[in-house]
Amino acid sequence: MPDEFDAAISHHNLEHCNHPMETLDAICSRLKKGGMLYLAFPSERSVTFPSRKGTLNFYDDGTHIYLPDFKAVMKRLIRTNGMSVDFVAESYRPFLPSLIGMFQKHIIKDRATYYIWCYYGFVTIITAHKK
């Protein structure tokens, strides 16, 4: 079904794939011209974060089999798949959720929450559209 979709969401998918770059190519190839892509995956920096239930360190999740390389993903999107990148956050840290996470990490010590993810910048987010 090439060029059939207006949008695709890949939210914490690539790190679980045996062939992540080929998966990314397949997703991009299904987008129409102007089709939008939302891509989220663990930040490369997450391998240095403390371990917590709920996955704060990349290796906390035993189903993670591939740590996406930010530069390789960007290159694949732009050069291989002809995508135009609209937004990039290599280590997404929105201000207010990060502020809440800064306090939460001292109160909730046994697990990760969305706010703690934000404080550490656990996720990489990329939005793009097909040229």
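**A chat about the chain**

Guide: Hello! Going along the sequence, the chain runs β-α-β-α-β-α-α-β; helices (H or I, at least four residues) and strands (E, at least two) are DSSP runs, numbered from the N terminus. The radius of gyration, taken over C-alpha atoms, is 16 Å, close to the 14 Å from the globule rule for 131 residues, so the chain is as compact as a globular protein of that length. That rule is 2.2 Å times the number of residues to the power 0.38.

Visitor: Where does this model come from, and how are residues numbered?

Guide: This is a predicted model, where local features need pLDDT of at least 70, side-chain atom pairs count only at pLDDT 80 or more, and totals for chains, interfaces and linings use all residues. Residues are numbered from 1 along each chain as its sequence is written, and side-chain values use heavy atoms, leaving out hydrogens and water.

Visitor: How many helices and strands are there?

Guide: The chain has four helices and four strands.

Visitor: What share of the residues is buried?

Guide: Of the 131 residues, 45% are buried, meaning under 20% relative accessible area (1.4 Å probe, protein chains only).

Visitor: Let's pick one residue. Where is S98, and is S98 buried or exposed?

Guide: S98 sits in helix α3, which spans residues 95-107. With a relative accessible area of 8%, S98 is buried.

Visitor: Which residues does S98 touch, beyond its neighbours within four places in sequence?

Guide: Those are R93, Y115, C118 and Y119, where contact means heavy atoms within 4.5 Å.

How values were computed. Buried means under 20% relative accessible area, exposed over 50%, partly exposed in between (1.4 Å probe, protein chains only).
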